[in-house]
Amino acid sequence: MSRLHYLKQELYYRFGRSTVTLVSVSLVVFMAVTLTAISNASSDALRLPLENVGADIVVQLSGDIPKKLEGLVFPHPTAQLPADAVERIRNLPGVIRTTGAVFLWDLSPNKFQSLLGVDSKGTSGIPGLNSQLISGKPLDPKVLPVEALVDGDFASKNKLKAGYQIELQGKSYRISGTVDTPKSGNIMRADIYLPLAEAQLLASNAPWIIDLYPFTKTDVNLLFLEVDQRHLGTVTSSVEKMLGEKAIVSSEISIQEELEDLMFLSDQMSVIFTAVVALLALALLARSTATAISERSRDLAVLQAVGWTRPQIISQLSLETAILSGVGGLLGLLFSWLGIALIGDVELAMELSWEISPSPHFLPETDFDRTRMLVAPIQMPMLTSALAWFLAVLTAVSTAVLAGFKMVRPYPWRWLAEE
Amino acid sequence: MSNAVQVTNLSKQFNTVSVLRDLSFTIPAGKMSAIVGRSGSGKSTLLSLLSGLDSPSSGSVSIDGVELAGLSESELAKVRRDRIGIVFQGFHLIPSLDALANVLLPVAFEEKTKQAGHIDLAKRLLEEVELGHRLNHRPAQLSGGEQQRVAIARSLIHRPRVLLADEPTGNLDESTGKTVLSLLRKISQEYGTTLVVVTHDTEIAQQAEQRLHLSNGEISDETN
């Protein structure tokens with residue numbers, strides 16, 4: 001008879017007890033993995049608005065309403081960003097890259113269109129736009145006369161296509177191509193895209209902009225920051241401090257704050273909740289393992305009586321528990337995978353803050369619904385899965401070893417003597 | 001003739017109660033000895049000390065020339081594995097294992113090369129206790145007498161020098177008890193094993209070559 005034969009017989013014979021341990025381990029792993037997966041998906045959903053922008057932080061400054069809403073204006077209430085502030089932000093520790101932009105609304109009596117001028121550098125710039133070209137040619141800032149890219153939806157709504165002309169402030173631009181902006185994930189969404197210098201030129205000549213700001217051909221009203229994630233919080237607060245009360249700094253943190261009431265589980269809450277549930281499940285597992293071993297006190301004494309040493313008995317118990325909890329853990333992972341597949345997505349309803357929404361919500365004729373469903377798929381968290389499995393097996397085996405040491409006494413006669 | 005068991009000034013106390021008092025005796029090798037006494041006389045306690053499953057308050061026990069006092073837990077286990085076989089009144093078989101696996105339990109950790117020989121011996125022992133047809137039955141599927149016969153086979157699988165039996169017929173009816181005892185005698189003689197039986201049954205004691213009468217924790221009489 002081998003040890004494995006004994007092990008197999010024990011697990012089969014004590015089916016009820018084995019099932020309790022299996023279920024306990026499965027529960028630990030299932031809880032930890034599923035809750036973490038939901039929590040991760042919620043966090044991913046919160047990042048979606050900024051993913052479309054393609055930056056970690058978007059910096060704007062709150063400004064004044066133009067006297068007249070006509071022609072090219074800054075989106076209300078965006079103001080010009082002071083050049084010296086832009087330079088200081090660029091040099092903040094943790095800032096990897098910055099991309100300046102000019103965001104404008106073109107308000108004509110019969111139409112509204114948004115315009116974004118971006119430079120050819122950075123992930124939030126022209127390279128990002130060109131990566132999702134639907135038709136036509138990429139936008140090249142060196143091409144003269146200057147060309148424009150248009151959003152695919154805007155193009156189809158207005159029956160525009162590559163090669164057509166579009167007019168802005170009395171100036172005509174050839175459309176080089178159309179782009180699938182939402183898919184580009186690299187730019188704030190607008191209807192029309194121009195090279196930064198051209199947008200700066202237009203803004204610096206727009207009467208209702210220069211009426212409010214001393215905007216020159218080198219200024220911007222929007223700054224995209226790519227930031228080392230470890231410094232996200234400190235950069236955000238530094239920028240807010242630098243620009244004062246009027247700063248509009250959009251980041252994962254600000255969106256998270258905005259969504260706090262809507263959020264199903266905040267990151268901290270989910271960590272605490274997951275930890276508490278996992279601890280309770282681990283305690284249940286430890287208890288069921290210890291109980292299973294204490295039920296066998298007489299058998300363990302018999303093994304001692306026939307010459308098994310304490311290390312041999314404990315190694316047998318550990319092996320049994322390791323196999324049982326290992327299989328239970330795998331079952332837990334399977335159930336988690338099934339559960340995650342069944343739930344599918346996390347959905348959060350959120351009203352986009354106007355500063356990252358492309359349309360002027362205050363216009364009475366605008367029916368733009370700024371409510372956005374943030375949908376993120378729930379995915380199996382591989383690291384957590386491995387950790388949960390390992391932790392569950394470790395807990396079960398450690399408990400088996402401790403219970404074994406407690407139960408396997410040097411002199412086991414009391415378990416063997418007849419009452 | 002050499003002694004299989006040597007007990008010197010052995011005492012055992014539980015708290016303030018003295019169960020065994022200053023016992024000294026020897027048991028000759030290859031013979032059957034009976035430790036006789038009424039319930040509560042300390043017979044089973046004496047057997048627990050002889051098997052190293054409990055520790056004495058004072059005195060010493062030597063089994064097959066090995067002094068138990070001072071041995072570590074693992075060394076005591078090795079003495080039991082190599083030199084002592086134990087048969088309990090309550091059989092104490094492992095419920096999850098069939099008869100054959102129960103008999104093989106003491107040698108489960110031995111080298112694989114020896115396993116085939118052990119399996120042959122286990123089957124032969126089960127044949128000898130007339131359970132050759134019950135190899136794959138679990139304890140729950142066996143009668144009390146059959147379970148005790150499996151326990152006897154188990155106690156002999158490693159060819160011990162000393163076989164300790166604690167009221168081996170205590171849980172059996174008279175007829176089955178007689179069969180079990182005669183099997184014990186027959187097999188221990190065949191394997192040259194010293195048989196020490198703890199019993200309150202004078203009829204069983206009569207069959208022993210040596211009888212130690214225990215009363216109030218002391219040997220009141222020794223008959224050879």
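Predicted model: local features only at pLDDT ≥ 70, side-chain atom pairs only at ≥ 80, totals over all residues.
Tutor: Axes are lines fitted to C-alpha atoms, for helices over the stretch in contact, with angles from 0 to 180 degrees between N-to-C directions; helices are DSSP runs (H or I, at least four residues) numbered from the N terminus. Local features need pLDDT of at least 70, side-chain atom pairs count only at pLDDT 80 or more, and totals for chains, interfaces and linings use all residues; residues are numbered from 1 along each chain as its sequence is written, with chains lettered from A.

Student: Which residues of α3(A) and α9(A) meet?

Tutor: Ala85(A), Arg88(A) and Ile89(A) in α3(A) meet Val239(A), Met242(A) and Leu243(A) in α9(A). A contact requires C-beta atoms, placed from the backbone, within 7 Å.

Student: Changing topic, what does Val28(A) touch?

Tutor: Leaving out residues up to four places away in sequence, Val28(A) touches residues including Ala278(A), Leu282(A) and Gly332(A).

Student: And how many residues does each chain give to the contact between chains?

Tutor: Chain B gives 26 residues and chain A gives 25 residues. On the side of chain B that touches chain A, α2(B) provides the largest share, 5 residues.

Definitions and conventions: Contact = placed C-beta atoms within 7 Å. Helix = DSSP H or I, 4+ residues; strand = E, 2+ residues; numbered from the N terminus.
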